[in-house]
Amino acid sequence: MQFLVGGGLNYEKSPLELRERVAFRGEELGRALPLLRQELGLEEAVLLSTCNRVEYVGITQDANRCRAGWARFLESYHGYPANWDAYSQFRQGRACIDHLFELVSGLRSMVIGETEIFGQVKAAYEAAHRMEMTGVWLNRLFQTSFSAAKAARSRTFITRGNVSVSSVAVELAERLFGNLAGRSVMVLGAGEASEKTLRALEGRGVSLLLVANRTYDRACELMKELHGEAIHWSEFLDRSVSVDIVISSTSAPHYILTRERLLPLLERRKGDPLFLIDLAVPRDIDPSVHSLDGVYLYNIDDLQLIARQNLEDRAAEIVRCRRLLEPYIERFAQWADQRQKRSHGSDVMRDFRTA
Amino acid sequence: MEERFWLGLAGLFAFLGALRGAYTLGSRAKEGSRMVDLFLLAALGSQSLFLYFRGKSIGHCPITNLLETVAFLGWALLLVYLFVGSAYRLSVLGFCTAPVVSLLDFAALIAPIDRAKPLPKMGWPLEVHGTLLLLAYGALGIGAIAGLLYLFEDKTLKSRRLAGWFYTFPALGDLLVVQRRLLNLGFVLLTVGLLAGVSLSIRGSWDWVKLFWSVGVWLLYLVLVCARSVFGWRQRRVAQGMVWGFLFVMLTFWLINNWSRAHQFRM
């Protein structure tokens with residue numbers, strides 16, 4: 001009799017201090033997967049290791065041996081003894097399928113809806129497939145889960161809206177200008193926060209990057225990495241006329257961009273929108289400029305609020321996502337049932353719940 | 001009767017497009033826009049057949065009465081949307097165009113405005129005059145819809161509450177480009193169409209009511225075209241101008257034509 005099993009450590013139940021001790025690098029899978037198969041008594045096996053989880057999925061004849069073998073496997077591979085059973089989860093049958101489908105769709109991620117997990121699971125599956133560790137069951141299971149995740153991502157808003165400050169800023173810029181290719185950005189203050197946002201914007205094809213810093217050398221240093229232009233602090237106001245996005249993150253104790261300084265610039269811009277991102281605390285840009293036509297000012301609190309709201313919106317999409325995954329799970333279950341009848345003895349879909 | 005069937009079918013397709021668009025927005029599905037475009041394409045086909053058959057039966061470009069004019073305007077709106085919507089991938093414009101065209105078509109069919117009115121024999125300049133002006137209103141109409149969406153996006157960005165439809169609607173910058181291009185295109189068509197009208201008036205008689213109204217409309221759009229460069233208007237004001245301007249044209253069109261001697265859609 002064959003069982004579909006899965007389990008391991010994840011951020012919900014095990015602390016980072018433990019997870020980091022048992023993480024597997026890609027090149028380690030060649031040694032880890034055969035050992036996992038041996039210790040857990042698996043006929044097919046996939047091992048997934050990311051910063052948030054170390055998990056396995058497999059087919060076994062003996063579910064109890066598999067459950068007991070996980071701690072043994074971790075200890076024998078990493079040589080680090082701990083009460084692994086207390087931190088580990090174990091699933092069987094339908095619970096295992098539900099978990100995998102939701103995992104690939106990003107519903108089980110720390111940041112709900114993040115898409116990186118899809119690539120990570122795919123890479124783990126492909127590595128196992130290359131090593132001939134997967135067979136008819138896991139091949140079908142993983143392929144179906146990928147199709148389900150693609151459908152969930154495209155038909156719901158589970159991935160919509162960014163959840164970090166820099167990516168929210170980039171998304172807002174895209175909502176304002178459409179394609180960012182050909183747009184120009186100016187950064188005031190070469191701090192870490194603005195550098196992150198600048199890098200994210202550069203990745204979207206922004207054509208002109210300007211950095212103005214009170215210390216000119218620091219601006220030059222940053223621009224060496226980002227292939228832009230460092231300008232003197234005294235020039236920033238004049239150059240603002242031709243840019244679309246201004247990111248400010250200086251340590252100035254007062255506003256450096258006020259309504260009075262901005263108004264003459266706007267006259268020269270002829271109605272083109274100007275996106276101001278104020279990442280500084282205390283703020284660099286006078287909040288009253290937001291009321292000017294064509295000027296959109298977002299400070300660090302606004303961006304954080306949007307990021308939080310996006311995360312809540314994603315969480316609200318979980319129910320829709322699950323409803324969308326259901327037919328794919330049913331389709332796999334039907335296929336498994338038919339195969340089970342043909343092969344007499346497999347009980348892969350047996351409805352065990354998380355132990 | 002057969003011609004009117006095609007207009008009814010066009011209205012039905014546009015109505016189905018409007019329903020699909022509303023469903024796509026409501027359900028926040030991502031794949032509904034192609035279906036809306038297909039409905040609108042079908043509506044354009046049916047509307048074209050109506051205009052073709054009507055033109056064939058009257059032996060003239062179908063702009064001889066209010067029903068034909070409204071149908072022509074609906075056709076122009078569909079044509080401009082299908083060009084602009086596919087070029088800039090602004091399917092949301094289609095969601096708004098569909099109910100407008102549907103409303104125009106059904107209103108034209110229900111209202112007793114399909115009364116034959118033989119046109120004076122002034123040759124092709126008369127047809128060019130009518131056609132260009134209706135195409136201009138088509139472009140300015142879609143521009144007004146883009147303006148409406150722009151105002152919504154602007155308000156949302158100003159409120160900093162970015163939820164709901166904000167993510168479904170096109171980017172502000174794209175709407176801005178479309179608005180500007182449609183405004184310029186509409187203005188050029190309007191100017192050429194009115195010049196054709198002036199050349200006809202020189203040959204015939206001056207229709208002062210219509211002339212004053214047309215000059216007023218032309219000046220309104222001239223102000224909007226020059227608003228940014230000459231008057232330094234912000235885009236929000238231009239968008240408001242486009243929406244109110246088009247509403248003004250639509251609301252006064254029938255009235256002015258009723259007062260006008262040369263443009264009366266009556267026996």
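**Entry 1: a span in chain A**

I began with residues 171-305 of chain A, whose end C-alpha atoms lie 14 Å apart. The span is 37% helix and 21% strand. I noted how these are assigned: helices (H or I, at least four residues) and strands (E, at least two) are DSSP runs, numbered from the N terminus. UniProt lists this span, in an unreviewed entry, as "domain: Quinate/shikimate 5-dehydrogenase/glutamyl-tRNA reductase". UniProt positions are given in the numbering used here, feature names are shortened, and annotations may be inferred rather than shown by experiment.

I wrote down the ground rules next. This is a predicted model, where local features need pLDDT of at least 70, side-chain atom pairs count only at pLDDT 80 or more, and totals for chains, interfaces and linings use all residues. Residues are numbered from 1 along each chain as its sequence is written, while chains are lettered from A and ligands numbered from 1 in the order in which they are written.

**Entry 2: annotated sites in chain A**

I looked up A:Cys51, where UniProt places the feature "active site" in an unreviewed entry. I found A:Cys51 in the loop between strand S2 (42-49) and strand S3 (53-60) of chain A.

I found A:Glu114 in the loop between helix H5 (94-104) and helix H6 (116-130) of chain A. A:Glu114 has 15 other C-beta atoms within 10 Å, so it is partly exposed. A:Glu114 touches A:Gly106 and A:Ser109, leaving out residues up to four places away in sequence. Touching, or contact, means that the C-beta atoms of two residues, placed from the backbone, lie within 7 Å.

A:Thr115 sits in the loop between H5 and H6 of chain A. A:Thr115 is partly exposed, with 15 other C-beta atoms within 10 Å. Which residues does A:Thr115 touch, not counting those up to four places away in sequence? I listed A:Gly106, A:Arg153 and A:Thr159.

**Entry 3: inside chain B**

I turned to B:Tyr150, which lies in helix H5 of chain B. B:Tyr150 has 27 C-beta neighbours inside 10 Å, so it counts as buried. Its contacts, not counting residues up to four places away in sequence, are B:Leu172, B:Leu175, B:Leu176, B:Gln179 and B:Ala239. I also checked B:Ser102: it is 48 residues from B:Tyr150 in sequence and 23 Å away in space, C-alpha to C-alpha.

**Entry 4: where the chains meet**

How many residues of chain B are in contact with chain A? I noted 20 residues of chain B, in contact with 23 residues of chain A. Helix H5 (124-159), helix H6 (172-203) and helix H8 (235-259) of chain B each supply at least two residues of the side that touches chain A. H6(B) gives the most, with three residues. By class, this side of chain B has eight nonpolar, four polar and eight charged residues. Ala, Val, Leu, Ile, Met, Phe, Trp, Tyr, Cys and Pro count as nonpolar, Asp, Glu, Lys and Arg as charged, and the others, Gly among them, as polar.

Key:
Buried ≥ 20, exposed ≤ 12 C-beta atoms within 10 Å, placed from the backbone.
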